[in-house]
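Here is a friendly walk through one protein model, strand by strand and residue by residue. Please keep the sequence and the 3D view open as you read.

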Amino acid sequence: MLDLQRLRALHAVSVHGTVGAAAAALGFTPSAVSQQIAKLERETRTVLLEREGRGVRLTDEAWQLVDVAAELLAIVERAETRLEERRGVPSGRLTIAAFASAARGLLPSVLADLAVRHPALDARLTEVDPHLSVDLVAKGAVDLVVAHDWDIAPLPAPGGVEQAPIGEDLCDLLVPEGHRLAGRTAVRRAELGGERWICQPPGRVCHDWLMRTLRGAGHEPDIVHQADENPTLVALVAAGLGVALIPRLGRGPLPAGVVEVPLDPMPVRRLYALWRTGAARRPAIAETVRTLRAHWPTVAARDTVTALPTASG
């Protein structure tokens, strides 16, 4: 009989791409995941992983098992949801994926609140880019996602995934002190040509938004510096190396030498909670979404972020 934990390990490798990433998502060591899959290979008398450079590649037989594993894990999730619903209290493990500034600016207070009010709930956070996190929740690799999109680039929700709005995060133009735009009360996007830009690498939501926005205003962006983390982007602006568009959530106080200039119209990114339809009735999901939205006004007051009105999931 196939062991569910070993199938879960193989499924995690298929979703995350590497043994190391799968291990991090499951809370195991890479060695433990490798051992689980090795045992599964012996039980099935089938080669499931093949070396490919420094990584691994799933064989055709492995992908067939992955499809079966996904079905079995979905059945287990439904059973766990029914039991938790019957108990009526949030409990068990809940894996959450959130993008960097939400993991820094919103999730700490939410997780602390959940831990105090629901000790039977084991909520665990992983920082993941929004482009990846939605796929992870759809495939069952995580239970709940906090993701975002931009006003000109809506976030697609795949089939079988539900979502609820959390709030709207505003974005400002940050310039070095003494910059030509530093004393302005507002700047229109058409005025942004000729700037040296600091932003996240290609493939990130913020990078894609910047490229679309400036090209839509008739400017080809001159991106001179790239970094993953917003604090690094702010530090580069403070050094006088360029300008950046930085969301307010999780940004923190600006250092000396950096001036915030509002754009007109103000760029907006929208935050959402997403979860699988099969887990929608799980008390842990409902309570975590409620807590995310309940904490948003505090975040809004701290970071001057606008809250959305309450809406059903």
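## A strand with several partners

A word before the tour: this is a predicted model.

Which strands pair with E6? One is strand E11, residues 258-261, which runs antiparallel to E6 and is joined to it by four bridges. Within E11, Val258 is the bridge partner of Pro176. Strand E10 (residues 244-247) also pairs with E6 in the antiparallel sense, over four bridges, and here Asp172 sits opposite Ile246. Strand E13 (residues 268-276) is another antiparallel partner, with nine bridges to E6.

Now move to strand E5 (residues 144-150), where you will find His148. Is His148 buried or exposed? Its relative accessible area is 3%, and a residue under 20% counts as buried, so His148 is buried.

The side chain of His148 makes a polar contact, at 3.4 Å, with the side chain of Arg269. Setting aside residues up to four places away in sequence, His148 touches Phe99, Pro130, Leu155 and Val205, along with Arg269, Arg270 and Leu271.

## Leu125 in strand E4

Leu125 belongs to strand E4, residues 121-127. Its relative accessibility is 34%, so Leu125 counts as partly exposed. Which residues does Leu125 contact, leaving aside neighbours within four places in sequence? They are Ile96, Ala98, Ala103, Leu107 and Leu111.

For a sense of distance, pick Arg82 in the viewer: it is 43 residues from Leu125 along the chain, and the C-alpha atoms of the two are separated by 24 Å.

## Two backbone details in loops

Two spots in the backbone deserve a look. In the loop between strand E12 (263-264) and E13 lies Pro265. The peptide bond joining Asp264 and Pro265 is cis, with omega at about 0°.

The other spot is Arg45, in the loop between helix H3 (30-44) and strand E1 (49-52). Arg45 is not a glycine, yet its phi is positive, near 55°. Its side of the story on accessibility is simple: at a relative accessible area of 76%, Arg45 is exposed.

## Cysteines without disulfides

How many disulfides does the structure hold? The count is zero. Cys199 is in no disulfide, and the nearest cysteine sulfur, which belongs to Cys206, is 8.9 Å away. Cys206 is likewise in no disulfide; for this residue the nearest cysteine sulfur is that of Cys171, 7.1 Å away. A disulfide would need the two sulfur atoms within 2.5 Å.

Both of these residues are also out of the open: Cys199 is buried, with a relative accessible area of 6%, and Cys206 is buried at 15%.

Key:
Residues are numbered from 1 along each chain as its sequence is written. This is a predicted model: local features need pLDDT of at least 70, side-chain atom pairs count only at pLDDT 80 or more; totals for chains, interfaces and linings use all residues. Side-chain values use heavy atoms; hydrogens and water are left out. Two strands pair if DSSP finds at least two bridges between them. Buried means under 20% relative accessible area, exposed over 50%, partly exposed in between (1.4 Å probe, protein chains only). A polar contact is a pair of N or O atoms within 3.5 Å; within protein, one must be able to donate a hydrogen and the other to accept it, and residues adjacent in sequence count only if both atoms are side-chain atoms. Contact means heavy atoms within 4.5 Å.
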